[in-house]
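Have the structure open and follow along.

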Amino acid sequence: MSLNRYEHTLHRYLETHPDEWRHWRGRVMEVAKRSAGVGENARGLERELWDYLAERSTQVPELRDLHADGMRRVSLLNLAEYLLRVWGPPPPPRAPRP
């Protein structure tokens with residue numbers, strides 16, 4: 001899976017801040033438990049990640065640098081899908097071939 005520079009920078013920021021990492025891991029697990037489909041869960045999580053990025057960009061220099069030319073909405077859907085895949089429940093096992 002390929003992450004854009006916004007997604008990559010946000011993921012790296014989360015990795016280097018254990019409290020933030022734990023918060024988002026818990027949040028992803030909550031979202032993964034929803035009965036909505038994987039795509040719907042990913043889109044909801046993507047919106048939450050964007051709100052988080054916008055809020056943290058005002059205080060964190062490495063995230064602020066992403067918006068040197070002004071804050072523009074970018075997709076964080078690949079990151080949301082990746083986090084759901086890594087931290088969400090494992091997919092159900094496939095049925096054996098006859």
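## How the helices pack

Helices α2 and α3 run roughly antiparallel to each other, because a crossing angle over 145 degrees counts as that. This is a predicted model, so take the picture as computed. The axes of the two helices cross at roughly 155 degrees and come within 10 Å. As for handedness, the α2 and α3 crossing is right-handed.

Who does the touching? On the α2 side you'll find Glu20, Trp24, Arg27, Val28, Val31 and Ala32, and they meet Asn41, Leu45, Glu48, Leu49 and Tyr52 of α3.

| Helix | Residues |
|---|---|
| α1 | residues 5-15 |
| α2 | residues 18-32 |
| α3 | residues 38-56 |
| α5 | residues 77-87 |

Now over to α5. Which of its residues are buried? They are Leu79, Ala80, Leu83, Leu84 and Trp87. These residues span an arc of only 135 degrees around the axis, so they sit on the same side of α5. The cover over the buried residues of α5 includes α1, α2 and α3.

One last stop is Arg5, which is part of helix α1. Is Arg5 buried or exposed? Its relative accessible area is 52%, so Arg5 counts as exposed. Between Arg5 and Pro91 there are 28 Å in space, C-alpha to C-alpha, and in sequence the two are 86 residues apart.

Technical notes: Residues are numbered from 1 along each chain as its sequence is written. This is a predicted model: local features need pLDDT of at least 70, side-chain atom pairs count only at pLDDT 80 or more; totals for chains, interfaces and linings use all residues. Side-chain values use heavy atoms; hydrogens and water are left out. Axes are lines fitted to C-alpha atoms, for helices over the stretch in contact, and angles run from 0 to 180 degrees between N-to-C directions. Helices (H or I, at least four residues) and strands (E, at least two) are DSSP runs, numbered from the N terminus. Angles under 35 degrees count as roughly parallel, over 145 as roughly antiparallel, 65 to 115 as roughly perpendicular and the rest as oblique. A crossing is left-handed if the near helix is turned anticlockwise from the far one by less than a right angle, and right-handed if clockwise. Contact means heavy atoms within 4.5 Å. Buried means under 20% relative accessible area, exposed over 50%, partly exposed in between (1.4 Å probe, protein chains only). The arc is that of the directions from the helix axis to the C-beta atoms.
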